[in-house]
Amino acid sequence: MSDRADAVEADRALKAKHRTMWALGDYPAVATRVIAGLGPVLVEACGVKDGDKVLDVAAGSGNASIPAAMAGGDVVASDLTPELLDEGRREAAARGVELRWQEADAEALPFADGSFDTVMSCVGVMFAPHHQATADELVRVCRPGGTIGLVSWTPEGFIGEMFATMKPYAPPPPPGAQPPPLWGREEHVRTLLGDRVTEVEARRQPLAVDLFDRPEAFREFFKATYGPTIAVYRNIADDAEKTAALDEALDGLAARALRNGAMEWEYLLLTARRSGTAPA
C-alpha cells in the first residue's frame, strides 16, 4: 500500500474512532441540561437573522443549530456522528423548528466554496484532530464578508482542566492530533485563520453550571453521558487502582470549582469576518 493510501486509511480509522466515541453515553443530555446556554450566545454573537444561510459544523444534537433556525436562519447542521444528528432531528421536530441535518467531516466539508453567510461551531470543531485542516474548511465555505463564530473551552477553564486531568489515563493521541482546548486560546485561533479573516473579536466568558450539588454528582453524570470521559474510563476498565485514582482526581477538580452549588466553566467566544468582498 502506498504512503498516500496508508494516510487515507489511517484517517478513516481515526474518524471512525471519533464517531464511535461521540455516540457513547448521552451527549444530548449534556447539550440540553448543562451547556444549553452556549448555543444562543453564539447565535447572537454571529448576528444570525432571517434568511441567512448558516452552517453549524460539528453541530452535535443542535445546541446552536436549533437556536440559529429559531432566529430565522436557513440552517444546515453537520456532524461526523449520525446518532447525534438523529437526536437533533427529534429535538427540532418537538420544538417545531425546520433545518437540514447532514453527516459531514469538519476536516472535509461537502459544501461549495462560499456557500454560507455564517459558519459557526459550539464546542464542536475544537475536537477535530487536525486544527489547521478544520480552520481551512471553516474559511473555505464562508462567503467573503460572512461571519465565522466559535465557542471553545479554554485550557485554563474547568473543561480544559478536566481534559488535563484525564490525559494520563487516556490512550495516546494519534500522530498529528492536537489538543482540543488549544481552540480556547485566541492567539491559536488567530494563527489558524490567518489573514483570511478580519474584525476578529474574542473574549473569555463563564458559563454558569448549577446542575451538580456535589463533586460526585458531576463525575457520575459525565461518566454516564460524555463520550470522551466514557472512553477514558473504558481505557482503564481493567485497572481498579487507576479507575479509583481518576475518580478521586475528577472529584477533586469538581470540589475546587463548586461554589454554593454552582460552577463557572470558562469558554472563548470568537467571531471574525471572512476577508474579501461579496459579489454584487
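Helices (H or I, at least four residues) and strands (E, at least two) are DSSP runs, numbered from the N terminus.

## Basis of the model

This is a predicted model: local features need pLDDT of at least 70, side-chain atom pairs count only at pLDDT 80 or more, and totals for chains, interfaces and linings use all residues. Residues are numbered from 1 along each chain as its sequence is written, and side-chain values use heavy atoms, with hydrogens and water left out.

Glu-199 sits in strand β6 (residues 197-209). Its phi is near 55 degrees, positive in a residue other than glycine. Glu-199 is exposed, at 56% relative accessible area. Here exposed means over 50%, buried under 20%, and partly exposed in between (1.4 Å probe, protein chains only).

Asn-260 is another non-glycine residue with a positive phi, about 55 degrees. Asn-260 lies in the loop between α11 (240-257) and β7. With 86% relative accessibility, Asn-260 counts as exposed. Most residues other than glycine have a negative phi.

## The sheet

An open sheet of 7 strands runs in the order β3-β2-β1-β4-β5-β7-β6, with mixed pairing. Two strands pair if DSSP finds at least two bridges between them. The edges are β3 (100-103) and β6; each has a single partner strand, so one side of each is left without a neighbour in the sheet. From one strand to the next, the twist averages 20 degrees.

Strands β1 (residues 53-57) and β4 (residues 116-122) run parallel and are joined by 3 bridges. Asp-56 has Met-120 as its bridge partner in β4.

## Helices on the sheet

Helix α6 (residues 131-141) lies across β1, β4, β5 (142-153) and β7, at about 140 degrees to β5. Helix α8 (residues 186-193) also packs on the sheet, touching β5, β6 and β7. The direction of α8 makes about 25 degrees with that of β7. Axes are lines fitted to C-alpha atoms, for helices over the stretch in contact; angles run from 0 to 180 degrees between N-to-C directions.

## The nonpolar core

A nonpolar core is a set of buried Ala, Val, Leu, Ile, Met, Phe, Trp, Tyr and Cys residues joined through side-chain atoms within 4.5 Å. The largest one holds 87 residues, of which Trp-153, Met-162, Phe-212 and Trp-265 touch the most other members. Strand β7 (residues 263-274) gives the largest share of this core, 7 residues.

Leaving aside neighbours within four places in sequence, Trp-265 is in contact with residues including Val-34, Ile-35, Trp-153, Gln-205, Pro-206, Phe-212 and Phe-222. Contact means heavy atoms within 4.5 Å.
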